[in-house]
Amino acid sequence: MLSLPNLLTLSRILAVPILVFLLWRPSPVDYGVTFVLYCIVGMTDYLDGYLARAWGNISKLGQFLDPIADKIMVAAVLVMLISSRKSNPVPEIAGLHIIAALIILLREIIVSGLREYLAGLRVSVPVSALAKWKTTLQLIALGALILGGAVPQAPWVHEVGIICLWFAAALTLVSGYDYLRTGLKHMD
């Protein structure tokens, strides 16, 4: 239970309040520190799975927590990048781009509910390769948007984040449809 891969997954969950706190005070320095922490946390997403497979240490706890840790981190960062605060009246994700963020958030809720329903039927829904690509693209998009706040003199960084966010939203729809199609086979 307290294997290194599981501890890395738990560290991602524990890092979320720190990321939120840093994003609450949106100065370029805060965004810079957030970007570094975000990259470290993002690398643990890859490293925990790699180590679990390499060491033959795949656990039920890890299989349960890994997608939850991803969803918690992505949802918290999305909410912070959408929110406007007194110190940041123009959020990083605004206007029509909020639709891409909502697609991502809604898919995560739907897939989580579907997994919970199917678990009651004792049907396992493994993470697909497409879903892993989706998560990777989401992490890149959010990282670029955070980095854009650290380097406001380079607006192209923010634009790369927005473009990646839309591509992530598209992959989110496709992978969500795949999960839903699989889940519907087990519903009356």
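## Arg12 and its partners

Arg12 and Asp48 join side chains in a salt bridge, with N and O 2.7 Å apart (a side-chain nitrogen of Lys or Arg within 4 Å of a carboxyl oxygen of Asp or Glu). Arg12 sits in helix H1 (residues 4-24) and Asp48 in helix H2, so this contact ties together parts that are 36 residues apart in sequence. Helices here are DSSP runs (H or I, at least four residues), numbered from the N terminus.

This is a predicted model, where local features need pLDDT of at least 70, side-chain atom pairs count only at pLDDT 80 or more, and totals for chains, interfaces and linings use all residues. Residues are numbered from 1 along each chain as its sequence is written, and side-chain values use heavy atoms, leaving out hydrogens and water.

Arg12 also meets Asp66 in a salt bridge (2.7 Å, N to O). That pair links helix H1 with helix H3 (residues 60-82), 54 residues apart. Arg12 is buried, at a relative accessible area of 0%, while Asp66 is partly exposed at 23%; buried means under 20%, exposed over 50%, and partly exposed in between (1.4 Å probe, protein chains only).

The whole structure holds eight salt bridges. Arg12, Asp45, Asp48, Asp66 and Asp70 are linked in a network of them. Elsewhere, Arg107 bridges to Glu108 at 3.1 Å between the closest N and O atoms, and both residues are buried.

## One aromatic pair

A search of the whole structure turns up one aromatic pair: Tyr46 and Tyr50, stacked at 5.9 Å centre to centre with 15° between the planes. Rings of Phe, Tyr and Trp (its six-membered ring) pair if their centres lie within 6.5 Å, and planes under 30 degrees apart count as stacked, over 60 as edge-to-face and the rest as tilted. Both tyrosines lie in helix H2 (residues 28-54), four residues apart, about one turn of the helix. Tyr46 is exposed at 56% relative accessible area, and Tyr50 is partly exposed at 43%.

Terms used
Helices (H or I, at least four residues) and strands (E, at least two) are DSSP runs, numbered from the N terminus.
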